[in-house]
Amino acid sequence: MRILVAGFAVVVLVFPAVFMQSQQTQTYRAPRTKDGKPDLNGVWQAVNTANWDIEGHGAAPGPIWQLGAEFSEPPGLGIVEGGPIPYKPEALQKKKDNFADRMNRDPEIKCYLPGVPRAMYMPYPFQIIQSTDQITMVFEYAGALRTIYMKHSDAPADSWMGWSNGKWEGESLVINTSDFIEQSWFDRAGNFHSDELKVTERLTPIDKDHLNYEATIEDPKVFTRPWKISMPLYRMVEKNAQVLEYKCVEFAEDAIYGKLYKVPLK
């Protein structure tokens, strides 16, 4: 009986806090821009290990043993909702092959553009610059850029970052992105897509310093059904928060050009 009373007390104490948090999340109204839209301007970053593996994973050694713990893989809870990624059988084998040969296949090794949604959870900050007709995302990694067109526009060609059209649904910025090339990956674990990838993202402010990020992934060539990822994004609150220059190509010239790499003059 004492245990039941104690348990009830915990419920009574915890429930109001959870309920109040839920109500706060549902009722938060972000500051507005001059055109009356939720103001998402700022420098943001994910704080998780999804760039290593978007699925839940334990700690593991890195691909180069000489680097020891410096490039070992930290554990993570994952950002995929509802169980394993629903690969088609042949696609799951390709994912495993990608991981086994990741030093040659992972586009991050060669500083290629990260694609979407990977750009949103790489361990580098990005800045949202908002206007009425376009929203720009500037990523520190490789100087990548995304333009979200708020007046629908068609892609002129397929690209690493795809082509994004956006709209507002209440407090949420909803982005539909397609027209990808198939070379980008979702993470360092070999999770991949084809050129039929379509990504629907929702960015919703839950308080002044946090965004809830969700993305639904559709790709009938690779997956048996649509699936979803979600995570918080954190505002960098330092007074001098900014996106710095990280042009990583110069660190990857050997990997990109191989024997054609020109040795610098001494």
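Arg 118 is buried, at 2% relative accessibility, where buried means under 20% relative accessible area, exposed over 50%, and partly exposed in between, with a 1.4 Å probe and protein chains only. Its side chain meets that of Glu 108 in a salt bridge, 2.8 Å from N to O; by salt bridge I mean a side-chain nitrogen of Lys or Arg within 4 Å of a carboxyl oxygen of Asp or Glu. Arg 118 sits in helix α4 (residues 118-121), while Glu 108 is in the loop between α3 (102-105) and α4, 10 residues apart. Helices here are DSSP runs (H or I, at least four residues), strands are E runs of at least two, and both are numbered from the N terminus. Glu 108 is buried too, at 15%.

A quick word on where this comes from. It's a predicted model, so local features need pLDDT of at least 70 and side-chain atom pairs 80 or more, while totals for chains, interfaces and linings use all residues. Residues are numbered from 1 along each chain as its sequence is written, and side-chain values use heavy atoms, leaving out hydrogens and water.

Now, which residues are linked in a network of salt bridges? They are Asp 106, Glu 108, Arg 118 and Arg 188. The whole structure has 14 salt bridges.

Another one joins Arg 32 and Glu 171, with the closest N and O atoms 2.7 Å apart. That pair links distant parts of the chain, 139 residues apart: Arg 32 lies between α1 (2-27) and β1, and Glu 171 between β5 (163-169) and β6 (172-178). Arg 32 is partly exposed at 27%, whereas Glu 171 is buried at 17%.
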